[in-house]
Amino acid sequence: MFNSLRGIITEKRQDVLCLATGGIEWELAVPLLDMEELPPAGQEARLFVWLYHREDQMRLFGFASEERRNAFLELIKVEGIGPRQAVKILSGIGQDELEAALENEDIARLEAVPGLGKKTAQKMILALKGKLAHPGPAAGTGSVHEELVNALADMGYDRRIAAEAVENAARAVSAEASAGLSQTEREKRIFKQAIVMLSSQ
């Protein structure tokens, strides 16, 4: 499945961006705030993407970062929020503000987003509190463990719980007689161990 597209931005119009890659021009639905972060037309950009596919429709959504795509994917899990509504929400609130509003249960801030009512704001808080905040990496883990957490979050696991599982799995693997393992093999073992831990909860 697509993870990202890199190419030349050929056009920007409201919430639609066109990107040329290898002889193909893609049309992507992009939140307005993400659109502002991306370079102007004529320059190269990388967009993290998600494909919406139904029997009667296919549409590609693009985001300026993995965090924004993750927020979108979590939003569409909330009852009553579809892809278009999720893009509209992300067009009206930045990532840091969204995370803060959810963590602080700030319904007033969420209601200030165009098209977002109190009932939907409450559903968002109930469903997403704790899922968008990014835990800091444990000492010595670095970006590799962050990537494992991201992979688990993409599989549907709560980000905080996934981070704890990765830390616990890393400690378990380190405690084993694994000195002869390569870095890649260690990462695979940590990932598998984390999934086992999460599955048993």
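Select helix H3 (83-92) and look at what covers its buried residues (buried is under 20% relative accessible area with a 1.4 Å probe, protein chains only): the cover includes helix H1 (32-37), strand E4 (44-54), E5, H2, helix H4 (95-103) and helix H6 (118-128). Helices (H or I, at least four residues) and strands (E, at least two) are DSSP runs numbered from the N terminus. This is a predicted model, where local features need pLDDT of at least 70, side-chain atom pairs count only at pLDDT 80 or more, and totals for chains, interfaces and linings use all residues. Residues are numbered from 1 along each chain as its sequence is written, and side-chain values use heavy atoms, leaving out hydrogens and water.

Staying on H3, colour Pro83, Ala86, Val87, Ile89, Leu90 and Ser91, which are buried.

Next, pick H2 (residues 66-75): seven of its ten residues are buried. Those are Arg68, Arg69, Asn70, Ala71, Phe72, Glu74 and Leu75.

Last stop: zoom in on Leu102. Leaving aside neighbours within four places in sequence, Leu102 is in contact (heavy atoms within 4.5 Å) with Leu110, Met124, Ile125, Leu128, Lys129 and Leu132.

Technical notes
Buried means under 20% relative accessible area, exposed over 50%, partly exposed in between (1.4 Å probe, protein chains only).
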